[in-house]
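Work through the exercises below with the sequence and the model side by side, and try each task before reading its solution.

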Amino acid sequence: MIEARLKGDDGAKELLEKAKQRLGDNPLRNALASFYLRPSGTGEGAVEFVHKSFGEFLCAERLKESLEEWTAEGRKRQKFFVDDEQLVEKIYDLLGYGGLTPEIVDYLMALLAVSEEFRPVQLFQRLKDFYFRWCDGEFIDLPEKALPLEKTRQFKELGIQLGQRQVDIYTGLNVMILLLELHRYALSRDDLKDQIVFYPCGQYDIEGFDNTRLLRIIGYCNCISIYSFLKIAGRFLRDVNFSGANLRGANLSGANLRGANLSGAYLTAVPAAMMYT
């Protein structure tokens, strides 16, 4: 059991208590960034976890709590406790700093699988809606309230040097990673596999399908550093559905594409070896 990693670990408990005291009322106390900050040169509110696996577990636990909150039922006529506008802000707050790691994601899915508050279908639908809006540049292009810019300013106050595009890219790709994990989780569940199917380009031959969507995402991500898409999301592409996608010229060498659905995809100039990593 994952919880057993914390049982009897007095050092971990003390570290967590110190973290809570140091973070206090920091506006980013609930952000994923809180678990990555180093104390040297970053000012108050910074925490360094000497036990890497413990820090990863805390990240997963924080993610689990948020994902459950995002699908909690609302009151009266409100469908969800966290409305659509609040959800977007919370997603940027939680996922705008750094890419999720396989270890964090493994912890997260294990925690969700045994949680009574886990509502996978509702979570998938809400994250999918965010993903397609993010793909269209809706959040970074808002003239009156560009959330990536707001988060960039907050990070800089903590001594974290991230640009607006970096925050936007980390957020969008982390949401994609969560969607891919939900998709993979549903494959093993007869009651979910038809309700949770993630198509990064949209479903082929259905309204809203854009065969170049993923290609444009890859290009956008690579504008901050070459192969950024591969480095952040490449390890999570197993069992992905790329049917009908135009991937001409995209370098996905080294990505984990085991079990991927590539039917009807355009793969010209993409190394064939990528399909067998």
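**Exercise 1. Locate D239 and describe its backbone.**
Solution. Start with the place: D239 lies in the segment that follows α9, where helices are DSSP runs of H or I with at least four residues, strands are runs of E with at least two, and both are numbered from the N terminus. Next, take the backbone angle: phi of D239 is positive, near 70°, although the residue is not glycine. For comparison, most residues other than glycine have a negative phi. This is a predicted model, in which local features need pLDDT of at least 70 and side-chain atom pairs count only at pLDDT 80 or more, while totals for chains, interfaces and linings use all residues. Residues are numbered from 1 along each chain as its sequence is written, and side-chain values use heavy atoms, without hydrogens and water.

**Exercise 2. Do likewise for D205.**
Solution. D205 sits in the loop between α7 and α8, and its phi is also positive, near 65°.

**Exercise 3. Find the contacts of F242.**
Solution. Set aside neighbours within four places in sequence; F242 then contacts, among others, P200, L214, L237 and N261, a contact being heavy atoms within 4.5 Å.

**Exercise 4. Judge the confidence.**
Solution. The average pLDDT (the predictor's confidence in each residue, from 0 to 100) is 80, and 78% of the residues score at least 70.
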